[in-house]
Amino acid sequence: MASIVSPFSRTYRYLQYLAHEQPVIFFSCAMGLTGPVLALTVPSIRKKYFGYIPAEPVPTTYPLPKRPRGQVAGYEDE
């Protein structure tokens with residue numbers, strides 16, 4: 001049973017060591033581990049509790065009017 005738990009206890013002790021001796025590395029690891037967790041949980045929380053509705057996608061083409069195009073007058077280059 002001790003062989004199953006030992007990698008986790010060693011990791012915990014190493015993280016304790018980093019927190020005291022090299023806090024920059026410890027907090028970098030902590031932020032790196034929370035990033036994927038937040039990326040998976042935050043969108044569902046925003047939709048469920050705050051009523052977030054995503055914006056419409058940005059159009060990729062310009063819609064042309066469904067009528068005959070008139071001649072432009074008064075802007076001649078002379």
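L38 is partly exposed, with a relative accessible area of 47%. On this scale, buried means under 20% relative accessible area, exposed means over 50%, and partly exposed lies in between (1.4 Å probe, protein chains only). The model is predicted: local features need pLDDT of at least 70, side-chain atom pairs count only at pLDDT 80 or more, and totals for chains, interfaces and linings use all residues. Residues are numbered from 1 along each chain as its sequence is written, and side-chain values use heavy atoms, with hydrogens and water left out.

L38 belongs to helix α2. The protein chain holds 2 helices and 0 strands. Both kinds of element are DSSP runs numbered from the N terminus (helices: H or I, at least four residues; strands: E, at least two). From L38 to L64 there are 26 residues along the chain, and their C-alpha atoms are separated by 42 Å.

T60 lies in the segment after α2 (23-50). T60 is exposed, at a relative accessible area of 79%. Between T60 and F50 the separation is 10 residues in sequence and 29 Å in space, C-alpha to C-alpha.

The overall dimensions follow. The protein chain has a radius of gyration of 29 Å, whereas a compact globule of 78 residues would have one near 12 Å. The radius is taken over C-alpha atoms, and the globule rule is 2.2 Å times the number of residues to the power 0.38. Along the principal axes, the C-alpha atoms fill a box of roughly 85 × 35 × 25 Å. Of the 78 residues, 1% count as buried. The protein chain exposes about 8,100 Å², and carbon and sulfur atoms supply 65% of this area. Areas come from the Shrake-Rupley method with a 1.4 Å probe; for residues, only the protein chains shown count as cover.

Charges were also located. The chain has 8 positive and 5 negative charges, and their mean positions are 27 Å apart. Lys and Arg count as positive, Asp and Glu as negative; His and the chain ends are not counted. Each charge is placed at NZ of Lys, CZ of Arg, CG of Asp or CD of Glu.

Aromatic rings of Phe, Tyr and Trp (its six-membered ring) pair if their centres lie within 6.5 Å; planes under 30 degrees apart count as stacked, over 60 as edge-to-face and the rest as tilted. This rule gives 2 aromatic pairs. One of them joins F26 and F27 edge-to-face, at 5.3 Å centre to centre with 70 degrees between the planes. F26 is partly exposed, at 22% relative accessibility. R46 lies over the face of Y52, 4.1 Å from the ring centre. Such a contact requires NZ of Lys or CZ of Arg within 6 Å of the ring centre and within 35 degrees of the ring normal.
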